[in-house]
Amino acid sequence: MSSVRHYCGLFAVAGHPDAAELAYFGLYAQQHRGQESAGICSADGRRIIRHGGMGLVTDAISHADLVRLRNPMAIGHVRYSTTGSCSETNAQPLLVEGAAGQIAIAHNGNLVNAAATRKEYEHNGHIFLTTSDTEIVLHMLANQRYREQADPLGAVLRHLVGSYCLLVMYPDRIEAVRDPSGNRPLCLGQVGGAYCVASETCALDMVGAKYVRDVEPGEIVTLTGREIRARHFAEPTAQAQCVFELIYFADPSSRIFGQSVHMVRKAFGRALARESPVEADVVVAVPNSARCAALGYHEESGIPIGRGFTTNHYVGRSFIQPTQAIRDMTVRLKLNPIRAVVEGQRLIVVEDSVVRGTTTRGKVQSLRDAGAREVHLRVASPPIRHPCYYGIDFPRREELIANQRSVADIRGFLGVDSLAYLPLESMLACVNPHKQPYCEACFSGNYPIPIDGDFHKEIFERNQLTFFDARGPLAKSAASDAPVDANNR
Ligand code: SF4
């Protein structure tokens, strides 16, 4: 699957002489979560300084930048623009200075009431410097109404609706926040006596940190020097951990929501093999995110596993390309079938998910061209029928193939001999052995966090998309060819 943008990755550390370097490597380990921009803010107890730029971590931050950023506290961010445009102005962390002093912020998620709150602030004379939904949090923190509260940050957070993990930096401390629904992952680690926070545990591994625990839903963890303090700003609500993190987004080496991503994906593959067996010669994974599920399918079925494709690591990500024709060509450049493995064989091809279907169809065609005798597609998640409003950049509803076609039609469109998805109940049984509530709205249409109608109407119209809420289409604006969505930052 490659038609969906990831969102953002966060890293913070306090009380370490190499804080900026640790942030750099923590972001590097989470590059899969955002490739449009990267940035780091660091602080020495009195002042915050910032550096950010477009592109990968290695493009945006140089060795000289890290030398300038050398301070004992740092926060970092890798980003995809999902609300707000893709521009350097929107690169995070954002840093401002006002009546409340200096504040920097980095955000993973999507604030569904940001547009309405922004309108209110603009009406009262506030000037916004970015188009990012995150900036509203800075304006609220600077607002006297919140500054006068015993816990200004907690008071601001209680006003926010949506999905958010935040790093809020003051000159003398970092506050790490996870929203009450726990929609995005955030974990706490310890490295050389200092505490650090990351979206995924793979970042802790990268910097040699020991995993301590997850930041809890509705919790603020304050990092100062080598100490932490924790408080809850809200009771955890109906929890809504994003199941797509486990299906596709998170790195297989990470543990998120208390589970190994690799093991959960293998369980998906095992369940698929039990529920949708087929006679075949070899199991192949569509690189890279379906490898764990393919391994599970192979282990459960006993059918040999083979490497069906080579991956060209030097090709840009296919979804960045503006037209379908260019995207198709990029797919072919990126994945080359290994003829010796696939020729004359009956293949079981395991995919993590199917979004538009065009990318998968290209892969199937390339396997046919390389001589595959049969292609049986097994998808390690249910059909995606609904948009995401919580920080994942799915295409608009009419571009989601499972929203428009039956499974039989999709089989024909993809050109496969058989097609089976992992049913929702089976998927949830794999991710949910302890009955923790997950968000699965993109499969079921049951949205666990309220959706702000005005917010979505505005951003959907701005992007010339069709506006839906959980019940269906509400308004349609002019059609656009742009393969963009309007969900998030
Ligand atoms: S709608 Fe899907 S992608 Fe979005 S938060 Fe829920 S599970 Fe994750």
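Which residue is the bridge partner of Leu10 in S4? The legends below begin with the sheet that holds this pair. The structure is a predicted model, in which local features need pLDDT of at least 70 and side-chain atom pairs count only at pLDDT 80 or more, while totals for chains, interfaces and linings use all residues. Residues are numbered from 1 along each chain as its sequence is written.

**View 1. The sheet S3-S2-S4-S1-S10-S9-S11 is open and has seven strands.** The pairing in this sheet is antiparallel, where two strands pair if DSSP finds at least two bridges between them, and where helices (H or I, at least four residues) and strands (E, at least two) are DSSP runs numbered from the N terminus. Strand S3 (48–54) and strand S11 (210–214) are the edge strands, each pairing on one side only. From one strand to the next, the twist averages 15 degrees. Within the sheet, strand S1 (residues 9–14) and strand S4 (residues 73–79) run antiparallel and are joined by six bridges; the partner of Leu10 in S4 is His77. Helix H1 (residues 19–29) packs on the sheet, where it touches S1, strand S2 (37–43), S4, strand S9 (187–191) and strand S10 (194–198), contact being counted when the C-beta atoms of two residues, placed from the backbone, lie within 7 Å. The direction of H1 makes about 20 degrees with that of S4, with axes taken as lines fitted to C-alpha atoms, for helices over the stretch in contact, and angles running from 0 to 180 degrees between N-to-C directions.

**View 2. A second open sheet, with antiparallel pairing, is formed by six strands in the order S5-S6-S7-S8-S12-S13.** Strand S5 (94–98) and strand S13 (227–232) stand at the edges with a single partner strand each, so one side of each is left without a neighbour in the sheet. Direction ignored, neighbouring strands of this sheet are turned by 20 degrees against each other on average. Five bridges pair S5 with strand S6 (residues 101–111) in the antiparallel sense, and Val96 has Ile103 as its bridge partner in S6.

**View 3. Helix H5 lies across S5, S6 and strand S7 (162–170), and runs at about 140 degrees to S6.** The axes of H5 (residues 135–142) and helix H7 (residues 152–159) come within 10 Å and cross at roughly 130 degrees. H5 and H7 are therefore oblique to each other, on a scale where angles under 35 degrees count as roughly parallel, over 145 as roughly antiparallel, 65 to 115 as roughly perpendicular and the rest as oblique. Their crossing is right-handed, that is, the near helix is turned clockwise from the far one by less than a right angle. Val137, Met140 and Leu141 of H5 make the contact with Pro152, Leu153, Val156 and His159 of H7. Six of these residues are nonpolar, one is polar and none is charged, with Ala, Val, Leu, Ile, Met, Phe, Trp, Tyr, Cys and Pro counted as nonpolar, Asp, Glu, Lys and Arg as charged, and the others, Gly among them, as polar.

**View 4. Helix H10 (residues 261–275) packs with helix H17 (residues 424–431) at an angle of about 140 degrees, with their axes 9 Å apart.** That angle makes H10 oblique to H17, and the crossing of the two helices is right-handed. From H10, the contact takes in Val264, Ala267, Phe268, Ala271 and Glu275, and from H17, Ser426, Met427, Cys430 and Val431. By class, this contact has seven nonpolar residues, one polar and one charged.

**View 5. The shell around the ligand has nine nonpolar residues, one polar and one charged.** Its members are Asn183, Cys242, Val243, Phe244, Cys388, Tyr390, Ile392, Cys439, Glu440, Ala441 and Cys442, a residue being taken as near when its C-beta atom, placed from the backbone, lies within 6 Å of the molecule. Helix H9 (243–249) and helix H18 (441–444) are the elements that give two or more residues to this shell.
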